[in-house]
Amino acid sequence: MILRLLGVGTTLAVAVVAAYLAVLAFALGPGMDCTFLVLSAPAPMLDILVGLDGFAAPFLALLALLSAVVALWNVQRGRPADSVLIAAFTAAMLLVLTARSVACFFLAWEAMSLISTFLIAAHHERRYVRRATFTYLAVAQSGALCILAALVLLAVQTGSPEFGTIAQRAAQLPLGLRTVVFGLALVGFGSKAGLMPLHFWLPRAHPVAPAGASALLSGAMLKVALFGLAITALQLAAPAPAGWGIALIAIGMLTALGGILYAVVDRDLKRLLAYSSVENVGIIVAALGVAIVGHALENPLVANLALTAALFAICNHAIFKALLFLCAGTIAESEGTSELERLGGLRRSLRWTTPLFFIGCASIAGVPAFNGFVSEWLLFRSLIALLAAGDDAVTWVAIAAIAALALTAGLAAACFVKVFGVAFLGAPRHSRPRPPEEFGPATAGVAILAALCVAVGLAPEVVAAPLALTARNAFGDSLAFARLLTSLPPLPITLALLPLLGGALSLALAARRADRRVPAWTCGSPVTPASQYTATAFSKPLRTIFAFVLLPGRSRRIETGGSTWFPSKIVYRTSNRYLIDEFARTLAGVTLVLARRSRAVQSGSLRLYLAYALAALVLAVAVAR
Amino acid sequence: MIVVQVIAILALAPLVQGAMKRVRANLQGRPGPGLFQRYRDLRKLLGKEALLPDVVSPLTVAAPGVVLGVAVTFAAVLPIAPVAFANPVDIVALVLLLAAGRFVTTLAALDTRSSFAGMAASREMTFGALVEPTLLLSLLGAAGAGGTQLGALAHTPFGLPGALALAAFFVVILAETARVPIDNQETHYELTMIHEGLLLEFSGWQLAAMEFASDIRQLAFLILAVALLPAPSPAFHLLWLPVVMAAIVGVETLFAKMRLFEVPQLLLTGFILSIAGIGLRIFGGHLL
């Protein structure tokens with residue numbers, strides 16, 4: 001009890017502090033930052049500095065929101081020990097967002113990685129959880145080394161560990177060096193954010209954590225990684241050439257398409273949500289790329305529009321993915337599984353979760369009047385503005401990106417129609433009655449997120465205005481952008497007014513007429529729960545059409561028993577191959593073998609170790625001379 | 001003006017559907033129903049009792065109204081009548097609106113528990129996703145680089161890029177209005193239908209609303225298509241309407257329905273046409 005109180009209290013405190021800092025950061029003008037020396041190290045390069053930067057403002061606001069919601073969740077759900085870990089996790093993320101020196105950032109980053117490892121390992125009694133944790137740890141630490149290398153390179157070359165000074169002096173560094181830094185940061189932050197091909201740990205690790213932690217991992221930690229990538233490209237290693245932007249667009253769109261393809265065919269709700277996070281990260285990174293290209297081409301409209309779209313998409317994804325993961329936690333708790341083929345008709349037992357989950361699905365599918373629509377619209381508009389930016393190669397990139405984004409949007413809609421239709425609609429696939437769901441603090445927290453989805457969807461300017469300000473601080477003013485933003489506020493209501501009115505009329509009319517309810521007609525055979533369409537069946541056409549990516553395999557075994565004509569049992573199995581995962585597994589295997597081989601030098605003999613030390617000393621002196 | 005436009009489209013939508021059905025029947029050597037049969041069908045449905053499956057959620061009950069609302073919004077934003085105020089709905093918003101209509105229709109279909117409706121929902125979402133890039137790129141290609149206003153569609157010069165965009169958009173129309181070779185409005189053979197399968201469990205006024213909505217959507221798509229064709233002034237675009245209708249009916253008569261997994265090839269063709277269209281529109285100056 002005390003443990004839970006401590007966890008929830010600390011998480012709430014982090015939320016309050018983050019909200020306060022977010023307000024302060026939004027108030028900072030362009031070029032203003034405030035930095036405080038917390039700990040003076042013996043070497044100035046290791047100074048610990050914290051401070052605020054205008055760019056961190058939206059991220060701080062998100063962290064505040066999600067911490068508060070997860071704190072509410074932890075009041076009721078989850079184990080007390082987990083709630084303490086979650087509190088530490090949010091505090092570490094807060095520190096990453098406010099770090100202003102290399103050492104501080106790296107220490108905070110490592111704290112975030114390690115605490116999240118404990119969260120992922122929460123159910124370590126299961127073998128697959130331990131494997132997922134190990135994979136996560138390996139990727140996180142390799143990524144952290146890349147980030148460290150990038151930051152140390154910058155600090156050494158600019159002569160200062162302080163982010164503000166690095167950003168000022170970065171422009172004098174040669175482009176080649178800055179590109180190396182950017183590449184290292186892309187690998188380091190990209191692996192944490194789940195960019196393909198370094199995404200393979202994410203769909204394993206995110207689902208096995210407790211629901212509250214999954215929500216923070218997908219909702220907040222991915223955003224912190226994106227924050228790192230964004231400040232590297234826009235501040236620390238700036239100015240970014242168009243090439244970086246094009247690389248980000250290409251990687252981002254491939255990640256988005258790959259992520260949503262794997263999501264649409266997945267049968268496990270939580271893993272599907274994790275793959276959908278990969279997709280969303282891809283979209284956000286592509287938007288960031290568009291902003292960089294726009295800035296490099298000196299087109300403030302594109303740059304401002306795309307960065308606003310990226311930040312808006314970050315906010316949206318944090319809100320609806322946290323919502324969906326928390327609801328998935330409720331489902332797993334009530335049904336004992338998150339496998340879509342075993343779920344069905346959940347709307348009867350989960351009367352609170354159903355409308356909330358629907359709002360999440362509609363948001364992520366980009367339905368007007370929900371928040372996902374707005375960022376999608378902004379991103380499409382930024383890509384269309386990029387079409388006319390004048391550079392030939394960039395135009396083709398923009399055309400390809402528009403096509404890829406439209407396909408991604410369509411597949412995402414299909415994916416979440418599948419999830420909601422199969423899991424919540426229709427009838428349960430089992431006959432065990434469930435107790436009706438009760439409204440508690442956890443539900444209230446999720447309801448806050450759902451209310452935000454609708455509120456932001458209907459009044460996008462409330463979020464768009466501060467985000468546009470953040471973008472303007474990064475890229476300077478754009479009149480065309482300000483004009484374009486004015487067409488945003490009336491858009492959702494114009495699109496949604498008649499459909500909402502029609503839906504309300506339809507419901508009212510049906511209630512008044514009290515039409516009869518009859519069993520569905522399926523050619524005379526009785527409608528059983530087994531005859532409902534399944535998730536596998538729903539995604540079958542897409543699995544066939546995109547077979548060249550998904551490489552589906554299937555096996556069918558027919559047991560005829562005694563009769564020649566009538567089979568007694570048909571076993572049908574279908575599976576996808578995950579090429580990138582297989583490659584990663586091979587790589588891991590090779591690494592482990594090499595590690596085992598290199599054990600030969602560790603004989604345990606003290607004299608040998610002394611010889612090693614001497615050899616290292618001689619080598620160091622030789623190199624230093 | 002916009003009210004007149006909506007009322008006209010609503011009033012004429014069933015007639016257009018009836019005319020296409022009649023011409024198609026005549027081309028296939030059948031007398032076919034009368035031109036106004038669609039109105040009679042809708043009236044008949046309105047008089048009938050509506051039955052719904054016993055397990056459906058409020059979402060399905062609301063679906064006919066939502067879908068009709070989407071169709072009417074589509075009709076209202078078409079660039080025919082001159083509008084006094086700036087229309088906030090651009091091409092991107094229109095594409096996302098149509099996707100939202102599909103979202104609700106397919107969820108309602110899955111809710112009915114019928115396997116046929118589920119099958120139709122699966123196919124609708126699949127082809128919907130595949131068609132979305134083509135729809136967006138063909139309209140953007142027709143509107144010209146950087147232009148996203150629907151009003152721009154009727155004013156851009158035609159030329160080769162316009163023709164390519166129109167060809168791509170034609171494929172989109174076949175898919176979105178459930179036409180042969182992708183779907184077949186006339187079929188009620190459960191395993192092949194997509195659009196009809198979605199509506200399988202609706203009856204009475206709810207079915208009438210759904211059918212009326214698909215008539216409106218169809219006419220709206222046709223009007224978008226004629227907006228892509230060349231005309232001396234915006235109002236003259238509508239004179240192309242019979243030509244586009246005849247083209248669709250002609251395709252329906254000349255071609256057989258494709259096998260389901262051959263449809264992506266047709267959609268891919270449309271997609272490539274749309275890419276060529278927008279590319280040529282932007283680079284037309286120094287490529288030709």
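Biologist: What pattern does chain B follow when it is read along the sequence?

Modeller: Chain B runs α-α-β-α-α-α-α-α-α-α-α, with 10 helices and one strand, where helices (H or I, at least four residues) and strands (E, at least two) are DSSP runs numbered from the N terminus. This is a predicted model, in which local features need pLDDT of at least 70 and side-chain atom pairs count only at pLDDT 80 or more, while totals for chains, interfaces and linings use all residues. Residues are numbered from 1 along each chain as its sequence is written, and chains are lettered from A and ligands numbered from 1 in the order in which they are written.

Biologist: How do you know whether chain B agrees with a compact globule in its radius of gyration?

Modeller: The radius is taken over C-alpha atoms, and the globule rule is 2.2 Å times the number of residues to the power 0.38. For 288 residues the rule gives a value near 19 Å, and chain B has 19 Å, so the two agree.

Biologist: Why is A13(A) called partly exposed, and what is A393(A) called?

Modeller: A13(A), which lies in helix α1 (residues 2-27) of chain A, has 15 other C-beta atoms within 10 Å and is therefore partly exposed. A393(A), found in helix α16 of chain A, has 11 C-beta neighbours inside 10 Å, so A393(A) counts as exposed.

Biologist: What makes strand β4 (residues 553-559) of chain A lie largely in the open?

Modeller: Of the seven residues of β4(A), the number buried is zero, and therefore the strand lies largely in the open. β4(A) pairs with strand β5 (residues 569-575) of chain A in the antiparallel sense over seven bridges, where pairing requires that DSSP finds at least two bridges between the strands. Within this pair, S555(A) stands opposite R573(A) in β5(A).

Biologist: Why does the span of helix α4 (residues 102-120) of chain A agree with expectation?

Modeller: The expected span of a helix is 1.5 Å times one less than its number of residues. The 19 residues of α4(A) should therefore span 27 Å, and the end C-alpha atoms are 27 Å apart, which agrees. The buried residues of α4(A) include F105(A), W109(A), M112(A) and L119(A), and among the elements that cover the buried residues of α4(A) are α3 (80-98) and α5 (127-158) of chain A.

Biologist: How many residues of chain A are in contact with chain B, and which element gives the largest share of that side?

Modeller: 65 residues of chain A are in contact with 62 residues of chain B, a contact being two residues whose C-beta atoms, placed from the backbone, lie within 7 Å. The largest share of the side of chain A that touches chain B, 15 residues, comes from α16(A). The residues of that side divide into 44 nonpolar, 14 polar and seven charged, where Ala, Val, Leu, Ile, Met, Phe, Trp, Tyr, Cys and Pro count as nonpolar, Asp, Glu, Lys and Arg as charged, and the others, Gly among them, as polar.

Biologist: Why are β3(A) and strand β1 (residues 52-53) of chain B said to pair?

Modeller: β3(A) and β1(B) share two bridges in the parallel sense, and they count as paired because the rule asks for at least two. The bridge partner of V518(A) in β1(B) is P53(B).

Key:
A residue is buried if 20 or more other C-beta atoms lie within 10 Å of its own, exposed if 12 or fewer, and partly exposed in between; C-beta atoms are placed from the backbone.
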